[in-house]
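Let's take a walk through a structure together. Keep the 3D view open and turn it as you read.

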Amino acid sequence: MPAAFSGKRPGLRLLLLLCLSLSGGSPADPTVTTQDASHSQANSLTKMQTGLNVSSPEPMTTTRTVNRQTQGSPSDHLTFGHNVSVPGPDLTTQEFKQETKEHVSNATFVEYEILLPGVSGTSTEKNITLDRATRIELSCRLDNKYSHLKSLQVTWKWGNETLRHINKTENSWGIQLRIWDNSQLGSYSCTLKGEEEMHAVFHLQVPKIEGKEKPIVSYEGDTAVMICKSYGYTPTAWTWYMTNGSEQVAINDSLLADKYVINRVSANVTHLKILKLTKEDDGIYWCEAGFELGKSKGKLKLKVLSLMVPLKPFLAIVAEVIVLVTVVFLYEIYSKKKEKCAADEKEFDQIEQLKSEESNGLENSSTRHRKI
Amino acid sequence: MPPLANAGQAPGPPDGGWGWAVVCGAFVSIGFAYAFPKGLAIFFKEIQDFFGTSYSEVAWVSSIMLATTYGAGPISSILVNRYGSRPVVIFGGLLCGIGMVSAAFCTSILQLYICVGFITGFGLALNLQPSVIIIGKYFLKRRPIANGLAMAGSPVMLCTLAPLNQFLFDNFGWRGSFLILGAILLHCCVAGALFRPIGAPTPPVKPQVTGKGKDALKEEVTEDAMEMGSPTKVPMEDKVEEEGGKACCEKINQYLDFSLFKHRGFLIYLIGNVLMFLGFFAPIVFLAPYAKHIGIDEYSAAFLLSILAIVDMIARPTTGIIANSKWVRPQIQYFFSFSIAFNGTCHLLCPLASGYTGLVIYAIFFGLAFGMVCAMLFETLMDLVGAARFTSAVGLVTIAECCTILLGPPIGGTLIDTFGDYKYMFIKCGAVMVLAGTFLFIMNYYNYRMLAKEEKERKAKEENPKPVRTENEGRNSWNKETTRDGPELEPLSKEQEGLKEEVNGINEV
């Protein structure tokens with residue numbers, strides 16, 4: 001059977017978006033032209049810094065090198081790193097981190113846009129899944145038909161912090177982020193205030209892992225296999241936890257090799273095999289997938305039953321079957337007896353009739369004799 | 001049971017009374033035989049994870065079960081010929097139960113193949129054939145209705161088993177479910193208990209030949225439904241067999257009638273059905289994936305199958321009633337060919353269906369066509385070969401169909417994989433079935449004409465009696481007289497054949 005044609009992979013979507021942005025597209029597309037790039041990159045530099053501090057002067061010298069870096073070549077990253085000469089110890093560390101991160105990861109650049117409805121008081125949300133360090137641009141756009149709305153004040157916020165944004169076009173505003181750490185994930189929001197107020201939120205998250213909603217049922221002495229899958233994103237590591245009371249205890253399969261076997265079947269799938277189940281193994285298990293940007297957990301439930309549990313309905317049904325079969329056979333014997341009785345009676349009646357006819361005949365002949 | 005001398009006065013098939021209880025039993029039996037392999041699919045995902053195998057390896061379980069159910073047909077026929085329906089069905093039910101219970105304790109996929117595939121499959125085979133056979137023994141006038149009702153067991157059981165299996169799986173896991181399903185399959189034994197033997201009991205194999213030959217039952221009446229001449233085509237002549245030389249063949253033929261392969265109607269049925277099954281099951285297998293492919297969500301896709309099953313459920317008894325009416329019964333073969341062609345046309349039109357509404361309409365028509373074909377599947381075979389030879393016929397037909405049934409879905413799957421589009425699979429299935437329907441239509445027209453001709457010839461011969469055959473003619477004319485009254489008395493000769501005392505005729509093919 002053919003593989004499902006449903007495009008469930010956000011990665012694919014990302015790639016498409018990337019292609020769109022690189023190819024130019026139509027004016028309506030949220031593409032970043034090189035001119036805008038220079039602006040945005042300058043702003044993004046500010047953004048990097050404002051990740052921790054609110055504002056600082058922008059060194060304009062980095063503009064051009066930044067342009068080239070949208071293509072993502074490692075050498076440019078290095079240049080970039082070098083060119084940033086901003087004072088401050090924390091910034092240097094940040095800069096260093098930036099450098100190493102960009103060294104290590106293939107810089108992916110993605111864009112997300114929310115189209116704001118012109119209705120006041122609305123809040124639109126978008127969930128964005130990131131599994132590795134990414135450069136991301138988030139933008140809020142107002143539909144052209146609402147461009148008559150003047151004097152709009154646009155604010156971008158991350159938590160409580162206000163971020164500097166750029167005016168991409170007349171009706172769209174965006175921020176550019178470089179995400180390399182779990183601490184940078186969260187909710188980024190843009191608010192348009194004017195005569196009407198509109199709100200849009202981007203939720204940046206690590207990929208979710210789905211466990212199983214329904215419990216896995218197994219039996220004492222049997223083996224149980226629990227499977228966790230990651231859809232679309234490859235985790236760097238998998239860890240399994242079992243709940244002991246209220247705390248989660250990591251499962252060490254090398255320590256208890258005859259009880260637990262953890263097998264990474266493929267890049268996105270992990271198996272936990274529990275051998276020789278007992279009642280104590282009953283409970284909730286967690287599979288944790290580690291990504292560059294953080295960790296994500298999936299929940300699975302294991303139910304361990306004793307063999308008596310299915311045995312009771314089994315015996316009940318077998319007993320019912322035996323009863324039914326006996327009833328059917330007894331009914332058959334009974335109806336056969338009835339038939340036989342009826343047949344015997346019939347025969348008896350026939351014989352009686354014959355006898356009576358005979359005797360009648362004799363009487364008749366005797367009466368005849370007498371008469372004669 | 002009445003002795004040989006009174007065989008002529010033994011009653012024909014009751015066409016009612018205890019027959020309806022037999023229909024209930026057959027309903028359960030046939031239902032399990034057809035629906036159980038399909039219902040097991042719910043467990044496959046879990047079993048696949050548990051044993052760490054691929055999906056196709058697990059799907060083999062179902063395929064082996066289906067193959068055994070159809071492939072063990074001849075064995076089933078032989079056993080029924082020897083022991084009668086009841087013991088075979090009870091034994092089959094026990095076998096199913098044992099198979100599933102032992103499957104609950106399996107530790108490898110190979111053991112599952114054996115326990116679920118072979119043992120349970122064989123048990124279901126021992127259920128399917130005798131149930132179909134005994135309906136022929138209990139019914140004649142109302143046989144199509146009885147067949148339609150009994151075959152309705154399949155969709156009803158499927159609709160019951162699917163949610164039941166899901167419930168069992170959620171509460172007991174796959175092992176516990178297999179255990180309980182083993183107990184549920186024991187209800188086939190109850191069905192078997194209902195199959196009271198009827199007609200003279202089959203005498204044990206007598207090695208000596210009494211001069212009339214214990215030959216296989218020859219040409220049986222096929223025109224019991226024809227309104228034209230007399231219903232019984234009385235066997236032509238009394239063939240005296242040589243002892244010893246043919247004793248071996250006779251023995252085999254007594255159990256499994258290979259001479260059926262010389263029977264014109266049987267051959268037509270066989271070829272037509274083997275062709276039909278190439279395209280019969282594949283659309284059902286691929287309906288849900290096709291729906292998901294064109295963008296319908298899982299639950300609506302599953303609902304399509306439910307619609308199909310519900311329409312099927314209603315269609316089968318209805319078709320039985322229609323097939324029993326006096327307009328259709330004589331030409332039941334045409335009705336059968338028409339329903340096959342109708343089925344094929346549905347498949348050919350399916351690619352034109354766009355969106356969910358189109359698929360719902362397709363599912364309704366498909367369910368209707370599927371039910372019509374299934375309801376008449378065995379009825380037409382009974383009509384062609386007669387109830388006495390039906391035992392062997394059904395065994396031979398099922399083993400021949402076994403290959404194409406198994407080939408159908410994989411061929412469809414290959415087409416889908418090669419072209420990446422479902423429509424070629426539908427076109428292939430539709431084309432094959434329309435072809436099969438047309439073939440059956442034409443060949444049955446020819447068959448009816450040949451039978452009419454043979455009937456005329458027989459009548460002509462009877463009007464010019466030959467001296468050698470006086471004794472036989474006497475018996476023939478007696479048969480003719482007693483059977484001239486109508487199809488009801490046709491089983492009279494069947495009684496005699498059941499006693500293997502029947503005058504043997506030659507099949508004039």
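Find M226(A): it stands opposite L272(A), which lies in β15(A). Strands are DSSP runs of E with at least two residues, helices are runs of H or I with at least four, and both are numbered from the N terminus. Two strands count as paired if DSSP finds at least two bridges between them.

Before going further, a word on what you're looking at: this is a predicted model, where local features need pLDDT of at least 70 and side-chain atom pairs count only at pLDDT 80 or more, while totals for chains, interfaces and linings use all residues. Residues are numbered from 1 along each chain as its sequence is written, chains are lettered from A and ligands numbered from 1 in the order in which they are written, and side-chain values use heavy atoms, with hydrogens and water left out.

β11-β15-β14 of chain A is the order of an open sheet of three strands, and its pairing is antiparallel. Which strands stand at the edges? They are β11 (224–229) and β14 (260–266) of chain A; each has a single partner strand, so one side of each is left without a neighbour in the sheet. From one strand to the next, the twist averages 20 degrees (axes are lines fitted to C-alpha atoms, for helices over the stretch in contact, and angles run from 0 to 180 degrees between N-to-C directions).

Chain A also has an open sheet of five strands, in the order β2-β9-β8-β4-β5, and here the pairing is mixed. The edges belong to β2 (122–129) and β5 (161–163) of chain A, and since each has a single partner strand, one side of each is left without a neighbour in the sheet. Neighbouring strands of this sheet are turned against each other by 25 degrees on average, direction ignored.

Step inside that sheet and look at β4 (residues 153–158) and β8 (residues 186–193) of chain A, which pair in the antiparallel sense over six bridges. Here T155(A) stands opposite T191(A) of β8(A), and W156(A) stands opposite C190(A), also in β8(A). Here's a handy rule for reading strands: in a regular strand the side chains alternate between the two faces of the sheet. Next, β8(A) pairs with β9(A), residues 197–205, in the antiparallel sense over eight bridges. G186(A) has L204(A) of β9(A) as its bridge partner. How many residues join β8(A) to β9(A) in their hairpin? The hairpin gets across with three residues.

Another set of strands is worth a visit. β16(A), residues 283–291, and β17(A) pair in the antiparallel sense over nine bridges, and they form a hairpin with two residues between them. β17(A), residues 294–305, also pairs with β10(A), this time in the parallel sense over four bridges. L302(A) of β17(A) links the two stories: I216(A) stands opposite L302(A), and L302(A) is also the bridge partner of G283(A).

Time to bring in the other chain. In all, 30 residues of chain A are in contact with 33 residues of chain B, where contact means heavy atoms within 4.5 Å. The area buried between chain A and chain B is about 2700 Å², with carbon and sulfur atoms giving 69% of it; buried area is the accessible area (1.4 Å probe) that two parts lose on being put together, summed over both.

Five salt bridges cross the interface of chain A and chain B (a side-chain nitrogen of Lys or Arg within 4 Å of a carboxyl oxygen of Asp or Glu). One of them joins the side chains of E46(B) and K212(A), at 3.5 Å from N to O. Which elements of chain A each supply at least two residues to the side that touches chain B? They are β10 (216–219), β11 and α6 (308–371). Of the elements on that side, α6(A) gives the most, with 16 residues.
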